[in-house]
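Subject: Structure handover

Hello,

Here is the structure you will be taking over. Please open it next to this note, and then read on.

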Amino acid sequence: MDVFVAGGCSWDSIVYLDTFPRETETHLARDFQETLGSSGSGKALNLGRLGVDTRFHAMIGDDRYGESIRERFESEPVAFRFDYDPNGTERHVNLMNDAGERISIFVVSPTQEPDIDYERLEQWTARADALVVSPVNYSRYLLPAAVEAGTAVWADVHAYDGEDPYYDDFLEAADYLFMSEEGMADYREFMREQIDAGRQLVVCTRGSDGAVALTADGEWIEVPAAEFDTVDTNGAGDAFFAGYLYGHRQGLSVETNLRLGTLAGGLAVSSRDLAHPDLSPDRLADEYERRYGEPVRR
């Protein structure tokens, strides 16, 4: 096992609308689907399809939604392991408009402190090269095991506002920190603070403005977003994360990894899935050469 992804799995109802409702009346959806969702799922799917040896643990319900999740991962190159959540499978209703914006409504929330065998998860953490976590509460209890074992922590804090103490454990344990500029008043200053606090790398995604990284030696690196026809923006950030980690594991440069992340994210938004159905190392390499006029280089 190379990468252990912990937490973040749901079964989502996606409702596609031309525009978000502004009145309390009946509206017709342009399209609709029920599908796998959440940040852990998105990262695991993309990593698996990129050939990274990936184990994914999540909480699911002993219900038909959990069964659908189990069946989905049976066809994916990911070792899926789970515990049952007494609350049932986490579920969201996501409203998507033509601009790619999302309103996410939690209709079933996960148990915040589940009664599970953490020793087993700590053993997986210690054997992994990287522990990948999003701000899912139960995954915070694996962070001390990663630090003790020397397992690199890759944390994605999403649209963290720079103040919420809920995220403190994830920030303090992170070796590699990913975030979105959304909700952050001054993302560059925050990135500097995190590097000063000992992070090896901080990456900030900026939607249509691309992504920026700050390295431990103070170098700023920026890449523009890759243009793709947008079908569904769910999972774009998780695909970006996976594309970056995939390149990092090959010893590629930060700029190359950022490019790979934008391409993986772009492929994801051009499909209705968290990971593009045709995503593979070859597809990503071909896309890279077509876009940048050169092969992927170290």
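Predicted model: local features only at pLDDT ≥ 70, side-chain atom pairs only at ≥ 80, totals over all residues.

Residues are numbered from 1 along each chain as its sequence is written, and side-chain values use heavy atoms, with hydrogens and water left out.

**Around S38 and α1**

S38 sits in the loop between β3 (31-37) and α1. Helices (H or I, at least four residues) and strands (E, at least two) are DSSP runs, numbered from the N terminus. What does S38 touch, leaving aside its neighbours within four places in sequence? The contacts are G8, C9, S10, D12, E90, H92, D238 and L274 (contact means heavy atoms within 4.5 Å). One of these, C9, is itself buried, at 2% relative accessibility.

Next comes helix α1 (residues 39-49). Eleven of its eleven residues are buried, so α1 is largely enclosed by the rest of the structure. The buried residues of α1 include K43 and R49. Just after α1, G51 has a positive phi of about 85 degrees.

Helix α1 lies across β1 (3-6), β4 (54-60), β8 and β9. Its direction is at about 155 degrees to β4. Angles run from 0 to 180 degrees between N-to-C directions, and axes are lines fitted to C-alpha atoms, for helices over the stretch in contact.

These strands belong to an open sheet of nine, in the order β5-β4-β1-β8-β9-β10-β11-β12-β13. The pairing is mixed. Two strands pair if DSSP finds at least two bridges between them. In general, strands of a sheet pair through backbone hydrogen bonds, either parallel or antiparallel.

Which strands stand at the edges? They are β5 (79-84) and β13 (220-223). Each has a single partner strand, so one side of each is left without a neighbour in the sheet. From one strand to the next, the twist averages 15 degrees.

Look at β8 (residues 130-133) and β9 (residues 152-156). They run parallel and are joined by four bridges. Here L131 stands opposite V153 in β9.

Helix α7 also packs on the sheet. It touches β1, β8, β9, β10 (176-180), β11 (201-205) and β12 (211-215). The direction of α7 makes about 155 degrees with that of β9.

**Two helices together**

Helix α7 (residues 236-249) also packs with helix α8 (residues 254-269). The angle is about 145 degrees, and the axes are 7 Å apart. The crossing is right-handed (left-handed if the near helix is turned anticlockwise from the far one by less than a right angle, right-handed if clockwise).

From α7 the contact includes F240, Y244 and H248. From α8 it includes L258, T262 and V269. By class, the contact has eleven nonpolar, seven polar and no charged residues. Ala, Val, Leu, Ile, Met, Phe, Trp, Tyr, Cys and Pro count as nonpolar, Asp, Glu, Lys and Arg as charged, and the others, Gly among them, as polar.

**The four-stranded sheet**

An open sheet of four strands has the order β3-β2-β6-β7, again with mixed pairing. At its edges are β3 and β7, each with a single partner strand, so one side of each lacks a neighbour in the sheet. The twist averages 20 degrees from one strand to the next.

β2 (residues 10-16) and β6 (residues 91-96) pair in the parallel sense over six bridges. D12 has H92 as its bridge partner in β6. β6 and β7 run antiparallel, also joined by six bridges. There, R91 has V108 as its partner in β7. The hairpin of β6 and β7 has five residues between the strands, and in it G100 takes a positive phi near 85 degrees.

Leaving aside neighbours within four places in sequence, I103 is in contact with F20, V93, N94 and L95.

**Cysteines**

How many disulfides does a search of the whole structure find? The search finds zero (a disulfide is a pair of cysteine sulfur atoms within 2.5 Å). C204 is buried, at a relative accessible area of 0%.

Best wishes

Key
Buried < 20%, exposed > 50% of the residue type's maximum accessible area, 1.4 Å probe, protein only.
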